[in-house]
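Please walk through this model with me, one region at a time. Keep the structure open as you read.

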Amino acid sequence: MAPLTDALAPDRQGPAVHRGQILSFLADPGDGASADSYRYFADGALIVEGGRIAAMGPAESILAEIPKGTPVADHGRNLLLPGFIDTHTHYVQSDVIAAGGRHLLDWLQDYTFVEERRFHDEQHAAQVAEFFFDELARNGTTTALAFCSVHSASVDAFFEAADRRRLRMIAGKVLMDRNAPPELCDSPAIADRESRALLERWHGRGRLHYAITPRFAPTSSGAQLRAAGELARDFPDAFIHSHLAENHDEIAWVRSLFPGSRSYLDVYDHYGLLRDRAVYAHCIYLDADDRRRMAQSGAAAAFCPTSNLYLGSGLFDIAAADAAGMRFSTATDVGGGSSFGMLRTLDEARKVARLQGQDLHPLRAFYLATLGAARCLKLEDRVGTLDSGGEADFIVLDLQSTPLIARRTAAARSLSDVLRILMTLGDDRAVKATYILGRQVHGGPVAMQAPTRSQ
């Protein structure tokens with residue numbers, strides 16, 4: 001993989017300071033009782049230099065130390081935090097959001113597969129990729145783990161657009177050799193050959209990573225899953241990305257196709273597809289043994305509340321995941337999911353918890369969408385934090401983005417209150433600005449002033 005310094009080398013701009021409320025996590029806040037899990041400055045400052053975070057702290061001390069003439073962006077009482085990280089989405093399903101379908105399997109056949117056929121066309125794939133990345137920026141998402149389609153052209157379009165924008169992104173070619181339309185099926189040999197070529201072309205280029213991507217067990221034969229496992233062994237730092245235990249009919253189908261496996265998870269385990277940097281979407285219907293095995297292997301779950309509710313699939317069990325020590329983070333699952341936005345996703349995640357007599361504290365919700373997600377991806381040394389040395393991917397949330405949010409946050413009594421208001425009432429309007437490697441890629445002009453040391 002290319003050294004991190006190489007990926008950032010072209011962005012050696014001078015230092016700049018961003019002032020506002022600042023939040024960055026150190027650990028999982030759980031129920032929010034401990035302040036040791038995060039750093040928060042009601043009036044903070046962030047120094048960005050060369051695409052990295054150089055320092056973070058109280059504005060008074062930071063501004064007293066910076067060289068005269070350093071530009072300062074004053075974001076007022078708005079909240080700066082690491083960019084959101086989406087651990088499961090489908091860029092090729094951007095035009096499937098709000099489609100019909102009674103449940104997962106007919107939704108795939110009637111809408112998803114129909115749309116994904118179009119991605120053999122390089123121009124179409126490129127146009128959708130640009131739209132997808134525009135939407136991510138508008139919603140404050142700076143890193144995503146995404147499905148492409150079975151077509152290599154869809155992968156090239158995704159990575160070409162991401163590389164131009166200098167994004168930290170993860171994606172891969174979908175592997176399917178059965179139980180799908182013929183024009184969307186490859187074979188174990190073709191899947192292996194094309195995946196290896198794509199891995200060699202994109203994995204570690206700039207800020208890009210490749211994910212070995214069997215769609216889900218029903219659409220891959222044992223031979224193809226074996227080939228995926230061989231890819232995983234040959235490329236130990238590549239990601240693995242698939243779906244798991246989303247729907248009762250799906251699980252019954254897997255049981256009929258793999259009668260020798262103890263569980264759905266065991267199918268992937270048998271073929272060597274459980275390890276660090278393996279992310280499985282949904283993970284709703286796992287038993288205690290499955291969750292323990294996920295935790296032991298280092299694999300992580302992507303909790304996709306808007307998709308699970310939209311398709312009526314079920315409710316992710318946060319308490320059971322915690323009891324097993326299973327890592328998880330929040331994800332949009334576009335286009336089964338109904339929003340590109342992590343704020344909308346966090347709101348639905350809390351509702352899923354409440355429906356089961358559980359809770360999702362707002363501090364923990366924002367942790368899951370930032371540092372928690374980065375830890376699931378083993379990228380916490382690069383993104384998901386505003387610690388010194390990390391990549392300067394961050395966002396600014398507008399506490400006056402709507403009259404109601406302005407009214408409610410003005411009366412908030414704590415940081416937790418502010419976060420709860422944002423995740424309950426916020427949407428893309430609340431994302432005032434998005435920064436990639438310290439450069440603004442979304443939002444209106446921000447006044448940059450040259451301060452004196454006394455500012």
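Axes here are lines fitted to C-alpha atoms, for helices over the stretch in contact, and angles run from 0 to 180 degrees between N-to-C directions. Helices (H or I, at least four residues) and strands (E, at least two) are DSSP runs, numbered from the N terminus. The model is predicted: local features need pLDDT of at least 70, side-chain atom pairs count only at pLDDT 80 or more, and totals for chains, interfaces and linings use all residues. Residues are numbered from 1 along each chain as its sequence is written, and side-chain values use heavy atoms, with hydrogens and water left out.

Start with two helices. Two packed helices are described by the angle between their axes and the distance between the axes. Helix α4 covers residues 122-138 and helix α5 covers residues 152-165. Their axes come within 8 Å and cross at roughly 40 degrees. That makes α4 oblique to α5. Angles under 35 degrees count as roughly parallel, over 145 as roughly antiparallel, 65 to 115 as roughly perpendicular and the rest as oblique. The crossing of α4 and α5 is right-handed, meaning that the near helix is turned clockwise from the far one by less than a right angle.

Which residues of α4 and α5 meet? Contact means heavy atoms within 4.5 Å. From α4 come Glu 122, Ala 125, Ala 126, Ala 129, Glu 130, Phe 132, Phe 133 and Asp 134. From α5 come Ala 153, Ser 154, Ala 157, Phe 158, Ala 161, Ala 162, Arg 164 and Arg 165. The residues of this contact divide into 10 nonpolar, 1 polar and 5 charged. Ala, Val, Leu, Ile, Met, Phe, Trp, Tyr, Cys and Pro count as nonpolar, Asp, Glu, Lys and Arg as charged, and the others, Gly among them, as polar.

Now turn to α6 and α7. Helix α7 spans residues 222-234. The axes of α6 and α7 come within 9 Å and cross at roughly 25 degrees. The two helices are therefore roughly parallel to each other. Their crossing is right-handed. Pro 188, Ala 191, Asp 192, Ser 195, Arg 196 and Leu 199 in α6 meet Ala 223, Gln 224, Ala 227, Glu 230, Leu 231 and Asp 234 in α7. By class, this contact holds 6 nonpolar, 2 polar and 4 charged residues.

Look at one residue of α6, a helix of residues 188-202: Ser 195. Is Ser 195 buried or exposed? Ser 195 is buried, with a relative accessible area of 2%. Buried means under 20% relative accessible area, exposed over 50%, partly exposed in between (1.4 Å probe, protein chains only). Leaving aside neighbours within four places in sequence, Ser 195 touches Lys 173, Leu 175, Tyr 210 and Leu 231.

Next comes strand β1, residues 16-25. Of its 10 residues, 9 are buried, so β1 is largely enclosed by the rest of the structure. Two strands pair if DSSP finds at least two bridges between them. β1 pairs with β2 (residues 38-49) in the antiparallel sense over 9 bridges. Leu 23 stands opposite Tyr 40 in β2. With β4 (residues 72-82), β1 pairs in the parallel sense over 5 bridges. There, Gln 21 stands opposite Leu 79.

Finally, follow the loop between β1 and β2 to Ala 27. Ala 27 is partly exposed, at 28% relative accessible area. Beyond neighbours within four places in sequence, Ala 27 contacts Ser 37, Tyr 367, Leu 371 and Arg 375.
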